[in-house]
Amino acid sequence: MASRRHRPIEGHEFVMQMDRWGAIPCRVTEVAPGRPLPFTFGDFDLRWTITPTAEGCVLRPEHHGFDLSNPKHRFAFDNMGPG
């Protein structure tokens, strides 16, 4: 069963609530200290790079795995670009 909390444990499943898009099922695919944290994000791949700062950290997301011939993927790609 998926949780609502993100945990850096390989295979951990969670649900990310996206206001306009609803509940997106996710699964952590790899955990390696000092490296980006990759996970599935619906049927895409997402990777978070976490960089410590004096005030906390900077979280940088990167999406991968878009099939731009798929209308759902194209829509997501076009709308995620602006953030």
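The entries below go from the overall layout to single residues.

**Entry 1: what kind of model**

I noted before anything else that this is a predicted model. I looked up the confidence: the mean pLDDT of the protein is 86, and 92% of the residues score at least 70. I then compared the elements, and β3 has the highest mean pLDDT, 92, while α1 has the lowest, 84.

**Entry 2: the layout**

I counted 1 helix and 5 strands. Reading from the N terminus, I get the order β-β-β-β-β-α. The C-alpha trace spans about 40 × 30 × 25 Å along its principal axes. Of the 83 residues in the protein, 19% are buried. I also checked the contacts with a separation of 6 or more, and residues 24 or more positions apart account for 9% of them.

**Entry 3: the sheet**

In what order do the strands of the sheet lie? I read β1-β2-β3-β4-β5, an open sheet with antiparallel pairing. β1 (13–18) and β5 (56–64) each have a single partner strand, so one side of each is left without a neighbour in the sheet. From one strand to the next, the twist averages 30°. A reminder to myself: strands of a sheet pair through backbone hydrogen bonds, either parallel or antiparallel.

**Entry 4: strand β3**

Next I followed the pairing of β3. With β2 (residues 22–28) it is antiparallel over 3 bridges, and with β4 (residues 44–53) it is antiparallel over 5 bridges. Phe39 makes a handy landmark: Val28 stands opposite Phe39, and in β4 the bridge partner of Phe39 is Leu46. β3 and β4 form a hairpin with 2 residues between them, and Gly42 in that turn has a positive phi of about 65°.

**Entry 5: the nonpolar core**

Which residues make up the largest nonpolar core? I listed 12 residues: Phe14, Met16, Ile24, Cys26, Val28, Leu37, Phe39, Phe41, Phe44, Leu46, Trp48 and Ala76. β1, β2, β3 and β4 each supply at least two residues of this core.

I picked out Trp48 and looked up its contacts, setting aside residues up to four places away in sequence. Trp48 touches His6, Met16, Pro36, Leu37, Phe39, Leu59, Arg60 and Pro61.

**Entry 6: Pro25**

Is Pro25 buried or exposed? Pro25 is in strand β2 and counts as exposed, at 51% relative accessibility. Beyond its neighbours within four places in sequence, Pro25 is in contact with Phe14, Thr40, Phe41 and Gly42. I checked the C-alpha distance to Gly42, the residue from the hairpin turn: Pro25 and Gly42 are 5.3 Å apart in space and 17 residues apart in sequence.

**Entry 7: the cysteines**

How many disulfides are there? I found 0 disulfides. Cys26 is in no disulfide, and the nearest cysteine sulfur, that of Cys57, is 18 Å away.

**Entry 8: His73**

My last stop was helix α1, residues 71–80, where His73 lies. At 5% relative accessibility, His73 counts as buried. What does His73 touch, not counting residues up to four places away in sequence? I found Asp43, Phe44, Gly65, Phe66 and Asp67. Phe44 was already on my page as one of the residues of the largest nonpolar core.

Key
Residues are numbered from 1 along each chain as its sequence is written. This is a predicted model: local features need pLDDT of at least 70, side-chain atom pairs count only at pLDDT 80 or more; totals for chains, interfaces and linings use all residues. Side-chain values use heavy atoms; hydrogens and water are left out. A disulfide is a pair of cysteine sulfur atoms within 2.5 Å. Helices (H or I, at least four residues) and strands (E, at least two) are DSSP runs, numbered from the N terminus. Buried means under 20% relative accessible area, exposed over 50%, partly exposed in between (1.4 Å probe, protein chains only). Contact means heavy atoms within 4.5 Å. Two strands pair if DSSP finds at least two bridges between them. Axes are lines fitted to C-alpha atoms, for helices over the stretch in contact, and angles run from 0 to 180 degrees between N-to-C directions. A nonpolar core is a set of buried Ala, Val, Leu, Ile, Met, Phe, Trp, Tyr and Cys residues joined through side-chain atoms within 4.5 Å. pLDDT is the predictor's confidence in each residue, from 0 to 100.
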